[in-house]
Amino acid sequence: MARVRLSVAERRTELLRAAVEQIEARGVAAVRIADVASALGVSNALVLYHFSTKERLVAAAFAHAAEDDLVHLRTLLARRTTALRRLRSAVRWYAPTGQAKGWRLWIEGWAASLRDPALQRVTRDLDRRWKAAITEVIEEGVRAGEFRCPDPSATALRLTAFLDGLAVQLTSYPGGISRAQAQRWADAALTRELEQPPAQG
């Protein structure tokens with residue numbers, strides 16, 4: 001059966017999705033252009049036409065995955081409810097027990113970015129934009145009087161660092177802590193960071 005002819009943008013997206021799947025399955029170091037091409041039944045030359053090198057393909061694949069996650073994060077944080085509820089939803093989604101990114105993919109990305117400047121720019125940009133989004137909602141909650149937080153940007157940094165660390169523990173060392181325990185710790189971390197005023201009455 002003949003393949004459906006795709007636009008340049010559609011083909012690029014298809015290649016990026018396949019690359020993400022192959023990186024998750026094989027790891028950054030082991031994945032090859034041929035693996036991505038084979039997964040889609042296309043030639044190596046087609047992949048190289050769009051990305052020219054494996055390094056550019058890998059960096060673009062991580063950027064693609066990051067954009068998907070950031071869109072979902074923005075959707076959670078834009079809901080019409082309290083800042084605290086939006087933050088709890090975001091933390092539960094982002095935590096390694098939630099439905100966010102494949103953590104194996106991101107741990108691979110962090111490790112590979114130590115030697116790949118292009119990939120480092122992608123992972124750093126994702127980190128910066130995530131923290132900025134969380135900081136913005138914390139500031140909204142402070143203005144609304146929902147809780148007190150003297151330094152929203154520092155709180156966003158501590159929360160993400162804690163959740164990233166939990167992800168490494170759960171992904172790299174199975175059996176060390178349970179998913180239920182990790183979720184309780186994630187919820188407790190948010191509670192500790194946000195000083196909520198006492199109930200009136």
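Let me start with Glu 140, which makes a salt bridge to Arg 86, with 3.0 Å between the closest N and O atoms. By salt bridge I mean a side-chain nitrogen of Lys or Arg within 4 Å of a carboxyl oxygen of Asp or Glu. Glu 140 sits in helix α7 and Arg 86 in helix α5, so this pair links distant parts of the chain, 54 residues apart. Helices here are DSSP runs of H or I with at least four residues, numbered from the N terminus.

Before going on, the ground rules. This is a predicted model, in which local features need pLDDT of at least 70 and side-chain atom pairs count only at pLDDT 80 or more, while totals for chains, interfaces and linings use all residues. Residues are numbered from 1 along each chain as its sequence is written, and side-chain values use heavy atoms, with hydrogens and water left out.

Back to the pair. Is Arg 86 buried or exposed? Arg 86 has a relative accessible area of 9%, so it is buried; Glu 140, at 26%, is partly exposed. The cut-offs are under 20% relative accessible area for buried, over 50% for exposed, and partly exposed in between, with a 1.4 Å probe and protein chains only.

How many salt bridges does a search of the whole structure find? The search finds twelve. One of them joins Arg 129 to Glu 67, with closest N and O atoms 2.6 Å apart. Arg 129 is in helix α7 and Glu 67 in helix α4, so the bridge ties together parts 62 residues apart in sequence. Both ends are partly exposed: Arg 129 has 28% relative accessibility, and Glu 67 has 35%. These two residues also belong to a network of salt bridges, together with Asp 125 and Arg 128.

A further bridge runs from Glu 193 to Arg 158, at 2.8 Å between the closest N and O atoms. Glu 193 is in helix α9, residues 179–193, and Arg 158 is in helix α8, residues 152–172; the two are 35 residues apart. Arg 158 is partly exposed, with a relative accessible area of 43%.

Now the aromatics. Rings of Phe, Tyr and Trp, using the six-membered ring of Trp, pair if their centres lie within 6.5 Å; planes under 30 degrees apart count as stacked, over 60 as edge-to-face, and the rest as tilted. That rule gives two aromatic pairs. In one, Phe 62 and Trp 106 have ring centres 5.3 Å apart and planes at 65 degrees, so the pair is edge-to-face. Phe 62 comes from helix α4, residues 54–77, and Trp 106 from helix α6, residues 103–113, so parts 44 residues apart in sequence are tied together. Both residues are buried.

The rings of Tyr 94 and Trp 130 have centres 4.0 Å apart and planes at 20 degrees, so this pair is stacked. It links helix α5, residues 83–94, with helix α7, residues 117–143, through residues 36 apart. Tyr 94 is buried at 5% relative accessibility, and Trp 130 is buried at 6%.

Last, helix α1, residues 8–26. Its buried residues include Leu 15, Leu 16, Val 20 and Ile 23. Among the elements covering the buried residues of α1 are α2, α3, α4 and α6. Just after α1, Gly 27 takes a positive phi of about 90 degrees.

Definitions and conventions. Contact = heavy atoms within 4.5 Å.
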